[in-house]
Amino acid sequence: MRCPSVSLICSIFFLIYVGYSILSLARLFFVSECKGNEPCLSYNLYHKPKLKVIIYGSVKDLPQSTKQVMLIEEISPFLYNEPFEKTINIKLPNRTIKNGTLYFHLFILNDRVNLKEWTDIISWHDHVYVRLPLTSYQVPKMSTFDLLKGSGIKKLQKPVTHIKNEIGFNVLIGVKEFPARDIPPELYRLIKEGQDGTLLPIVHYDFLNDHMENLQQISNDTPSTFPIKLKYKPMHIGNLRLMMHAETAIKSLKTYGITDKDVDQLKSIFSDTNIYLLVVTLCVSAIHLLFDFLALKNDVKFWRSRTTMAGLSLRSVLWRAFSQIVIVLYLCDEEASLLLIGPAFLSCIVEFWKVQKVIPVDWKNFKLKKVKLTEEERMTRLIDAEGMKYLSYILYPLCIGGAIYSLFYQQYKSWYSWLVHSLVNGVYAFGFLFMLPQLFINYKLKSVAHLPWRAFMYKAFNTFIDDLFAFIISMPIAHRLACFRDDIVFLIYLYQRWLYPVDKTRLDETAYMKID
């Protein structure tokens, strides 16, 4: 009996772990009920009290007197069972305009309580309080300009104050009571008991919808009264617990050096996605990760054991290595998320490893090794050159024309940025054409036995999965369009696979390479 491979064992354990994670996720939507004489804590909103919201602003984190705060808005009555959006106007203090900070203080208390002063409200026992900074120090986005005219506007590349133009908060609804000994641990920090023994409303700042795109730079031209959109949405226990788990996990990533921009990308996956689509996304993500691993493993295995280039396009290998460099430079220039740059960089390393396999290098003497080609390899290179000749009539004029057009009609941060964008536009728009010589070789040889089909199939599945992620993860438009570009070529490969049945013994007669 044949023993299972290490890849199969790892894949099984990985799928078991994914299944356990999904089960743990489902448990968040179920809360223990009070049984028998077990002590319980009644939830205040179950009794339908009338509430109001009072919002203050301050330049200090913890104001000590009424003079240090400004009343921004009072919402009475607060209809906590219905979502709403409201634009509130905040008068920006001079200290905030001059690169200072500004804090947001939100209170929820009973509508019958007639308190207006800060000191009275903060000392009142039965209130719920949320505090967060309205401002953040960020480096301004680099400006673009016409390279030919040189009319650029330089911005300071040091952090300056940005203010949020949108703030969201949630209140837990739909709960009657909690078992005193089995309260969900993630809710501990939000729980506060009122004087009557009930739990006051559980309020949570909407961290996952707090995106960097909502930040607006404050300058001397900023109006003294700034409008902010206040968004409220009631939330049931499962969604709230999921949001808080995601918040804790995302914040913990920052301790490992994950940047704010990458954190922002992860927020959008959880906040902008329906719960059912989110579960599907998590499953698909796990499958995508598994296929990435299997594709890389089989691709490396294929090229390590490869002793001939018969039937394989040398130009396609070189092009993939070049295009991966361009894509990495482009993503870095666009300051894309590490979720995109990381995999692109790893692909770049693998493609360069393939290049040194097809063009052997004597690293000791830093020169190319002489290679004696077999008859099949010579035939393959002739067919490869013939296919590339036809493509060059279309490819090069389009790339050069596109670069010149963008120079006259588009703006860039620098000449380097224009060069990278021009190259990546050629890679994204016409790069799939460099996959066509391999199709041409397959057509001429009437065989696909020379291709790494296991790795190819994993990559094909991942390409279709990438189509889904193109709508979920924020990315440059050119990179998003490229996710759909390769689908057509992969379908042609699959058609050739059906058209030319694989004969694994076809190339074994003379397929070898001699290296001096």
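# A first look at this predicted model

The protein chain has 13 helices and 17 strands. What you see is a predicted model. Of the 516 residues in the chain, 45% are buried. Among the contacts with a separation of 6 or more, 79% are between residues 24 or more positions apart. The points below go through the cores, the cavities, the salt bridges and a few backbone details.

**Nonpolar cores**

- The largest nonpolar core holds 54 residues. Inside this core, the residues with the most contacts are Phe-78, Phe-104, Ile-108, Phe-169, Val-171 and Phe-178.
- Helix H4 supplies the largest share of this core, with six residues.
- Another core, of 12 residues, lies apart from the largest one. Its members include Leu-331, Cys-348, Val-420 and Val-427.
- Leaving out residues up to four places away in sequence, Val-171 touches Tyr-43, Leu-45, Phe-78, Ile-108, Pro-201, Ile-202, Val-203, Tyr-232, Lys-233, Pro-234 and Met-235.

**Cavities**

- Rolling a probe the size of a water molecule over the atoms shows where empty space is left.
- Searching the whole structure gives two cavities of 30 Å³ or more. The volume of the largest cavity is about 50 Å³.
- The lining of the largest cavity is formed by Phe-104, Leu-106, Val-130, Leu-132, Ile-167, Gly-168, Phe-169, Val-203, Tyr-205 and Leu-230. Strands S5 (103-110), S6 (127-133), S9 (166-172) and S11 (203-205) are the elements that each give two or more residues to this lining.
- Strand S9 gives the most to the lining, with three residues.
- By type, the lining residues are nine nonpolar, one polar and no charged.

**Salt bridges**

- In the whole structure, 10 salt bridges are found. Three of them are described here.
- Lys-229 and Glu-85 meet through their side chains, at 3.9 Å from N to O. Lys-229 is in strand S13 (residues 225-235) and Glu-85 is in strand S4 (residues 84-91), so this pair ties together parts that are 144 residues apart in sequence.
- Lys-229 counts as partly exposed, because its relative accessibility is 32%.
- The Lys-229 and Glu-85 pair also belongs to a network of salt bridges that links Glu-85, Glu-166, Lys-229 and Lys-231.
- Glu-186 forms a salt bridge with Arg-241, and their closest N and O atoms are 2.2 Å apart. Glu-186 sits in the loop between strand S10 (177-179) and S11, while Arg-241 sits in helix H4 (residues 237-253), so the pair links distant parts of the chain, 55 residues apart.
- Both Glu-186 and Arg-241 are buried.
- Glu-247 and Arg-189 also form a salt bridge between their side chains, at 3.8 Å from N to O. Because Glu-247 lies in helix H4 and Arg-189 in the loop between S10 and S11, the pair ties together parts that are 58 residues apart in sequence.
- Glu-247 is buried, with a relative accessible area of 6%, whereas Arg-189 counts as exposed at 56% relative accessibility.

**A residue in helix H7**

- Gln-324 is located in helix H7 (residues 314-333). Its relative accessible area is 17%, so Gln-324 is buried.
- Beyond its neighbours within four places in sequence, Gln-324 is in contact with Ala-344, Ser-347, Cys-348 and Glu-351. Of these, Cys-348 is also one of the residues in the core of 12.

**Backbone details**

- Most residues other than glycine have a negative phi, and most peptide bonds are trans.
- Ser-76 and Pro-77 are joined by a cis peptide bond, with omega about 0°. Pro-77 is in strand S3 (residues 70-78).
- Lys-48 has a positive phi, near 55°. Lys-48 belongs to the loop between strand S1 (40-42) and strand S2 (51-58), and this residue is exposed, with a relative accessible area of 68%.
- Asn-99 has a positive phi too, near 70°. Asn-99 is found in the loop between helix H2 (94-97) and S5, and it counts as partly exposed at 36% relative accessibility.

Definitions and conventions. Residues numbered from 1 in each chain as written. Predicted model: local features only at pLDDT ≥ 70, side-chain atom pairs only at ≥ 80, totals over all residues. Heavy atoms only, no water. 1 Å grid on protein atoms, 1.4 Å probe; cavity = no way out; pocket = protein on both sides within 12 Å on 5 of 7 lines; lining within 4 Å. Points joined across faces, edges and corners; volume = space filled by probe spheres on them. Helix = DSSP H or I, 4+ residues; strand = E, 2+ residues; numbered from the N terminus. Nonpolar A, V, L, I, M, F, W, Y, C, P; charged D, E, K, R; others polar. Buried < 20%, exposed > 50% of the residue type's maximum accessible area, 1.4 Å probe, protein only. Contact = heavy atoms within 4.5 Å. Salt bridge = Lys/Arg side-chain N within 4 Å of Asp/Glu carboxyl O. Core = buried A, V, L, I, M, F, W, Y, C linked by side-chain atoms within 4.5 Å.
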